Every structure is written in structure tokens, then in C-alpha cells.
Amino acid sequence: MGRENFKSRLGFLLVSAGCAIGIGNVWKFPYVTGQNGGGLFVLFYLLFLLIMGAPVLTMELAVGRASRKSAVQGYKALEKKGSFWHLHGWVCQLGNLMLMMYYTTVSGWMLNYAVKFASGAFSGMDNSSVGGVFSAMLASPSQMLLFMALTVVFGIGVCILGLESGIEKITKCMMLGLLFLIVVLAIKSLTLHNALEGVKFYLLPSLERAQKAGLGHVITAAMNQSFFTLSIGISSMEIFGSYMSKDHSLAGESLRICALDTFVAIVSGLIIFPACFSYGIETNAGPSLIFVTLPQVFINMAGGRIWGTLFFIFMTFASFSTVIAVFENLIAACIDNFGWNRRKAALINFAVILITSIPCALGYSLLTGVTPIGTKDILDSEDFIVSNLLLPIGSLVFLLFCVTKWGWGFENYRKEANTGDGIKVPEWLKYYFRFVLPVLILVILIQGLM
């Protein structure tokens, strides 16, 4: 059986961007931007995306496209005889599984809230009661398990249909829906009273806020955000490289994925800040922003039930696109490594992911008080391992594999990256890739561990 391929270039770009675009784009990017000097942070973010995120993305895609295989077999096809780079492929699969162990729960929160808004659960509620809805959801084992399970069923269901008729077709619809919804929501937010104050706070460079945070902190926060936004390091992107055509160069395609990812992140802030400033509500960090602050905005807004529903449908699409992409990675790895057919690989992964996702889903109810790492609860512990260890270490491995003589080698990587029309990787970047980029990734790794 030949390798499946994307039917269209748009399909590849939207599925890859869908993998990169996740919940962090919406709940982390705007908050971190606001905290770290607005437009100043955005400029640093774009710089690091260009000099760190995009190059490593081209490397993951190059390994996939040159080998036409998932991570383990991809490394095996390209590594020198007797070397062990392929062992990292197994670590990648562990990383993908671990990511799904908590991401399915958080994705379930989005779906739960979309249902809550659509069914009118928030209608007539006052601001002080909104936080209670989130707490009650976390404390309810049945709600948490149900919506986590629905996420797993949906993700595997799409992957069983195959690359073209399942993943590409459905993710394409979701991503186009996501892009349409985000623009509609931003326009609505920008027409609210006092919206301009929110936009100024968000996007105008503020030296005062940057100094308050500390310029060093602003720069490292921008490095972190640009690096983690693309989900590189655990082969989530490598698999889509193995399905893509050789018509376009990898640097060009990587920049297009980065542009879509950044567009969603920046426009999310144009939904959040104008709305919060309009209703005089604090823009707090993390999940409380999405599940407490924004619902307070929607219940005070004319037609809030509709706007709230649309917002959480957008969030559901953002998280589901990542779920589908990572499931595909796990399924493709089983097909390549164990010779299973797609259906068998999907069903076995369905059982594994469903069972391994249970601890996180119950982490705030029956398993509250379980702290695997220090004082971190189950979700935060799993996220810490993936984000602070596996992603930066994995990116470093992909980088060293592609640019050193012990791995695949810079010339082989460059030849693959430059195949097709579009932006090319120049020869002189070899020294930057070998000596500067590894140091930048090590900085992120050390910071994450501190």
C-alpha cells in the first residue's frame, strides 16, 4: 500500500496550521502580550518565530518528506548505519500520547462550554455566579469524563476515515470555520464601547509595562511563546511532512504555517482585550480568562448567548484540530512500526488514549490532591513534562540530526528543504543552525526547568 498524500496544498497548510493552532494561542498569547509591553512583545515574538520556530519546523517537515515515514522509521531511513537517532522517534510517540492524556480533557472543557452557552445555561446569570460554573464542571466526574470521551471518539472517528477523506476534509472545514468565526468575533468586539482602549493596551508598545516586567523577561517570554506555539519537537509536524508534495520549498510552507498560527493568536487578543475593557473586567491569566472572564463579558452583552456559543465553537475547533493531528501521528506510527492497518491502529489507540486520559479528567474531583511533580496537579504535571522537557529536547534532537555530520547532515537537509518552488534555505545559515540555534533552545530548556 502506497503512502497517503494530501489532496491539495491548502489541505496540507490548514491541517499543519491546525496542529499548531491550539488553546495556547487564545488563552496564553493575548495575556502574555498584555503583561509584557504589548506591541513590543509582539515584535520580539515575530523575530523569534522567524529565527527559531520556523527553522526547526522546516527540519521536522524535511525528515518527514524525505523519508515518507513517521518518526521512528523516518529517522531509520535517513540516519547513518549503526546510529541511534531513531530512538528519539519512540520518545516522540510517548510525547504525543502524553500530550493527549491532558489535551483531551481541556478540549472537552471547550466543547462543554459551547454546549452550555448554546443551551442557555448562562442566561440570566450574574457575574459573581460565573466562576462557580467552571468550578462545578471541574468537580463533576461525570461531566469531565463525558466530554473527554466525546473528544476522543470524535478525534479517532475522523482519523479512521483516512488522510484525504477524513483528516484533510474535516480539518479543512473546521479551520475555515475557525478563521471565519475569529474574524466575526473580533469585528463584534471592536465595535463595543471603549474597545479602542483595549486595542491600545494590547498592541501599542509600552516601555513602562516592559520595564515593569523586566526587558529580559519580555525577551524570554517572547522566545518561549514563539517556540511552543508550533508544537515542534515531538514529531507532530513530521508526520504531515511525510504526506506533503515536493512542489513547494519547506521554508516557504513553514512561514505560511507560522503566519496562520500568528494571525489566530493576534486576532484572539482583538476579541479579548476590547471586550474586557468595554465591560471593565480584569484580564487574568490562563484558563480563568476563557472560562470566567469572557463568560462574564458575554452575559452582559446583547445577544451574548449567541456570541458566547460562537466563541466556544471557535475554541472547540482550535483544540479539535490539534487532537486530530496528534491522533494521526500515533496511528501512523503504529501503521509504520507494527504493520497494522489503519482501522486496527485507530481502535487500539482509541482504547489506550481513552484509558490514559482518565486520571487528568478526574484530577479535580476524585483525584484532587494527587500531585505527581512537586505541588503540580495531574494536568500541570503532564503539561510540564511535554512542554518543558519533551518539546525543547526533541527540537534540539531534530536540529542536531539535520545539521551535524553525525546525523543526516546539513547538505541533505538543505537539499530536501529547497526542493520545490519558493523560499530557499541559504548555505550560510549552516553556522547559525550549528552554533547559535542550539544555544537558544538550551536557554528555553533551562528556563523551563527553573
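Tutor: Helices (H or I, at least four residues) and strands (E, at least two) are DSSP runs, numbered from the N terminus. The model is a predicted one, in which local features need pLDDT of at least 70 and side-chain atom pairs count only at pLDDT 80 or more, while totals for chains, interfaces and linings use all residues. Residues are numbered from 1 along each chain as its sequence is written, and side-chain values use heavy atoms, with hydrogens and water left out.

Two kinds of space must be told apart. On a 1 Å grid over the protein atoms alone, a cavity is a set of points where a 1.4 Å probe fits but cannot get out, whereas a pocket is an open set with protein on both sides within 12 Å along at least five of seven lines; a lining residue has an atom within 4 Å of a point. Points are joined across faces, edges and corners, and the volume is the space filled by probe spheres set on them.

The largest pocket holds about 1,400 Å³ of space. Its lining consists of 47 residues, and G24, W27, K28, D383 and S387 are the ones that lie nearest its centre. Helix α19, which covers residues 378-403, gives the largest share of this lining, with eight residues.

The largest cavity has a volume of about 60 Å³. Around it stand L185, K188, S189, I271, A275, L294, V297, F298, M301 and W307. Three helices, α9 (163-190), α14 and α15 (286-300), each supply at least two residues of that lining, which divides into eight nonpolar, one polar and one charged.

The second largest cavity contains about 30 Å³ of space. T105, G108, W109, N112, M137, Q143, M144, F147 and M148 form its lining, and the elements that give two or more of these residues are α6 (87-118) and α8 (141-160). Here the lining has five nonpolar, four polar and no charged residues.

A nonpolar core is a set of buried Ala, Val, Leu, Ile, Met, Phe, Trp, Tyr and Cys residues joined through side-chain atoms within 4.5 Å; buried means under 20% relative accessible area, exposed over 50%, and partly exposed in between (1.4 Å probe, protein chains only). The largest nonpolar core has 155 residues, and W109, I290, F311, F314, Y413 and F433 have the most contacts inside it. Helix α16 (residues 304-338) gives the most to this core, namely 16 residues. In soluble globular proteins, nonpolar side chains tend to be buried together. Contact means heavy atoms within 4.5 Å, and, leaving aside residues up to four places away in sequence, F433 touches P55, M59, L399, V403, F410, Y413, V425 and P438.

Helix α14, one of the contributors to the largest cavity, spans residues 250-278 and includes E253. E253 is buried, at 2% relative accessible area. Beyond residues up to four places away in sequence, E253 touches R9, F12, L13, M244 and H248.

C258 is likewise buried, at 5% relative accessibility. A disulfide is a pair of cysteine sulfur atoms within 2.5 Å, and the structure holds zero of them. The sulfur of C258 lies 13 Å from the closest cysteine sulfur, that of C19, so it is too far away for a bond.

L50 and C258 are 208 residues apart in sequence but 8.5 Å apart in space, C-alpha to C-alpha. L50 belongs to helix α4 (residues 39-67) and counts as exposed, at 53% relative accessibility. Not counting residues up to four places away in sequence, L50 touches P55 and L255, and P55 is one of the residues that F433 touches.

Note on methods: Nonpolar A, V, L, I, M, F, W, Y, C, P; charged D, E, K, R; others polar.
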